[in-house]
Amino acid sequence: MLEFQRGSTEAFTELFARYREPIYGFFRRRLNHVARAEELAQETFVAVLRGAARWEPRALFRTYLYGIAMNLVAAERRKSACETNHANASEAAADPPVANEPEEVLWLRRAVEQLEDDQREILLLREYDQLSYEEIAALLHVPVNTVRSRLFRARMALKDLLVPQSRSLGTRDRAVM
């Protein structure tokens, strides 16, 4: 990013190549629209271009980039909440789940969607976006220990959502014996 600030277009090309797919994935996991996820990923890099002169290396570039993405997804959610009629129409036009995904993947996706918002967000940032505890803390403006405890609670809640089926099978099997 420092090289890009000094005028190197190759540096921006390298940043874009490195982070394009992870940022797209960030939006894709949070939105139901492939096209809108792509647009927001592009808007993220446009924001980097516009804010390049003001960027200061106080944190990792990746933290800065995901901060922009978090702001954009929050704005997108607010916009969707305000446009009730539009939201109903977009739900009908939403991309259906991929039919060739294994049942386990769909089961996991549904379980993650059932988590509380703060737990889901921390889990996605850590497990899917591969951000460090420190990066997540900086993005969410919370202490690192808060990230750790919320992530622990998210994992336990996810486990509870995924395990009951196997527990109930085990209980039923014992009752038959």
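The structure described here is a predicted model. E21 belongs to helix α2, which covers residues 9-30. Along the chain, E21 and E38 are 17 residues apart, and their C-alpha atoms are separated by 9.7 Å.

E38 also takes part in the lining of the largest cavity, together with F16, R20, A41, Q42 and F45. The structure contains one cavity of 30 Å³ or more, and the space in the largest cavity amounts to about 30 Å³. At least two lining residues come from α2 and at least two from α3 (34-51). The greatest contribution is that of α3, which provides four residues.

In soluble globular proteins, nonpolar side chains tend to be buried together. The largest nonpolar core of the model has 42 residues, among which M1, I23, F26, F27 and F61 touch the most other members. At least two residues of this core are supplied by each of α2, α3, α4 (61-82), α6 (103-113), α7 (117-128), α8 (133-140) and α9 (144-162). When residues up to four places away in sequence are not counted, F26 touches Y66, A69, M70 and V73, as well as E121, L125 and D129.

Helix α4 has 22 residues and should span 32 Å at 1.5 Å a residue; the end C-alpha atoms of α4 are 32 Å apart, in agreement with that expectation. Its buried residues are F61, T63, L65, Y66, G67, I68, A69, M70, L72, V73 and E76. The partners against which the buried residues of α4 pack are α2, α3, α7 and α8. Among these buried residues of α4 are Y66, A69, M70 and V73, each of which is touched by F26.

Helix α7 consists of twelve residues and reaches 16 Å from its first C-alpha to its last, close to the 16 Å expected at 1.5 Å a residue. Buried positions in α7 are Q119, R120, E121, I122, L123, L124 and L125. The cover over these buried residues includes α2, α4, α6, α8 and α9. E121 and L125, both buried in α7, are also touched by F26. Just after α7, Q130 adopts a positive phi of about 60°.

How values were computed:
Residues are numbered from 1 along each chain as its sequence is written. This is a predicted model: local features need pLDDT of at least 70, side-chain atom pairs count only at pLDDT 80 or more; totals for chains, interfaces and linings use all residues. Side-chain values use heavy atoms; hydrogens and water are left out. On a 1 Å grid over the protein atoms alone, a cavity is a set of points where a 1.4 Å probe fits but cannot get out, and a pocket is an open set with protein on both sides within 12 Å along at least five of seven lines; lining residues have an atom within 4 Å of a point. Grid points are joined across faces, edges and corners, and a volume is the space filled by probe spheres set on the points. A nonpolar core is a set of buried Ala, Val, Leu, Ile, Met, Phe, Trp, Tyr and Cys residues joined through side-chain atoms within 4.5 Å. Buried means under 20% relative accessible area, exposed over 50%, partly exposed in between (1.4 Å probe, protein chains only). Contact means heavy atoms within 4.5 Å. The expected span of a helix is 1.5 Å times one less than its number of residues.
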